[in-house]
Amino acid sequence: MTELGRYQDPLTIQRVLHSTRTIAIVGLSGNELRASHFVGYYLKRHGYRVIPVNPREKEILGEPSYPSLLDVPVPVDLVNVFRAPDALPDLARETVSIRAAALWCQFGVINEEGARIAEDGGVTVVMDRCLKVEHARYVGRMHWLGFNTRRITSVRSGLQ
């Protein structure tokens, strides 16, 4: 098992969120009840370009679905993975190959070899975090309310 804290740094997460415009979601489902679909819908609604990567689907969220990352015809900033952990090494290689800036592994998608491959290829890795939750925390409504942003605190300086 890998040391996950290394892949969950708040400043790295914020940098990735603020620098990303195009997201390829590997394992995005056309089933509205699946977590991947909800995350893709949320991200699209918040202005990101969402590119489905799922060989079993023709179209998801009104966008054409591609069989693999290597088939995506436009530059991708972030690869978001909704697949089993054992798929991560190959996906990391594809992420490096397409020159994406970051590889984001959803809850439970933990694979040290995949993380190492991506990092060795110059790709930033976030692991065992939900992209939707982190977006809400640092950019969305939770951010507006001050939750977990290191900007609002209960510490009252100056009071004796």
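Reader: Does D128 count as buried or exposed?
Author: This is a predicted model, in which local features need pLDDT of at least 70 and side-chain atom pairs count only at pLDDT 80 or more, while totals for chains, interfaces and linings use all residues. Residues are numbered from 1 along each chain as its sequence is written, and side-chain values use heavy atoms, with hydrogens and water left out. D128 sits in the loop between β7 (124-127) and α5, where helices (H or I, at least four residues) and strands (E, at least two) are DSSP runs, numbered from the N terminus. Buried means under 20% relative accessible area, exposed over 50% and partly exposed in between, with a 1.4 Å probe and protein chains only, so D128, at 18% relative accessibility, counts as buried.

Reader: What is phi of R99, and where does this residue sit?
Author: R99 counts as exposed because its relative accessibility is 74%. It lies in the loop between α3 and β6 (102-105), and although R99 is a residue other than glycine, its phi is positive, near 65 degrees.

Reader: How many helices and strands are there in the chain?
Author: Starting from the N terminus, the elements run in the order α-β-α-β-β-β-β-α-β-α-β-α-α. Counted by type, they come to six helices and seven strands.

Reader: Of the 160 residues of the chain, what percentage count as buried?
Author: The chain exposes about 9200 Å², of which carbon and sulfur atoms supply 49%; such areas come from the Shrake-Rupley method with a 1.4 Å probe, and for residues only the protein chains shown count as cover. Among contacts (heavy atoms within 4.5 Å) with a separation of 6 or more, residues 24 or more positions apart account for 57%. The buried part of the 160 residues is 48%.

Reader: At what angle do α3 and α4 pack?
Author: L88, P89, A92, R93 and V96 in α3 meet E113, G114, I117 and A118 in α4, and these residues divide into six nonpolar, one polar and two charged. In that division Ala, Val, Leu, Ile, Met, Phe, Trp, Tyr, Cys and Pro count as nonpolar, Asp, Glu, Lys and Arg as charged, and the others, Gly among them, as polar. Axes are lines fitted to C-alpha atoms, for helices over the stretch in contact, and angles run from 0 to 180 degrees between N-to-C directions. The axes of α3 (residues 88-97) and α4 (residues 112-120) are 8 Å apart, and the packing angle is about 10 degrees.

Reader: Which word describes how α1 and α5 lie to each other?
Author: The axes of α1 (residues 10-19) and α5 come within 10 Å and cross at roughly 95 degrees. The residues that make this contact are P10, I13, Q14, L17 and H18 of α1 with L131, E134, H135 and Y138 of α5, a group of five nonpolar, three polar and one charged. Angles under 35 degrees count as roughly parallel, over 145 as roughly antiparallel, 65 to 115 as roughly perpendicular and the rest as oblique, and α1 and α5 are therefore roughly perpendicular.

Reader: How many of the residues of α5 are buried?
Author: The buried residues of α5 are L131, K132, E134, H135, A136, R137 and Y138. The helix is mostly covered, and the count of its buried residues is seven of eight.

Reader: Which elements are included in what covers the buried residues of α2?
Author: In α2 (residues 35-45), the buried residues are S36, H37, V39, G40, Y42 and L43. After this helix comes G47, whose phi is positive, near 95 degrees. The cover over the buried residues of α2 includes β1 (22-26), β2, β3, β5 (78-81) and α5 (131-138).

Reader: What distance separates the C-alpha atoms of P55 and P67?
Author: P55 lies in the loop between β2 (49-53) and β3 (59-60), and it counts as exposed because its relative accessibility is 61%. Leaving aside neighbours within four places in sequence, P55 is in contact with Y66 and P67. Although P55 and P67 are 12 residues apart along the chain, their C-alpha atoms are separated by 3.8 Å.

Reader: How many disulfides does the structure hold?
Author: C105 counts as buried because its relative accessibility is 0%, and C130 counts as buried at 9%. With a disulfide taken as a pair of cysteine sulfur atoms within 2.5 Å, the number of disulfides is zero.
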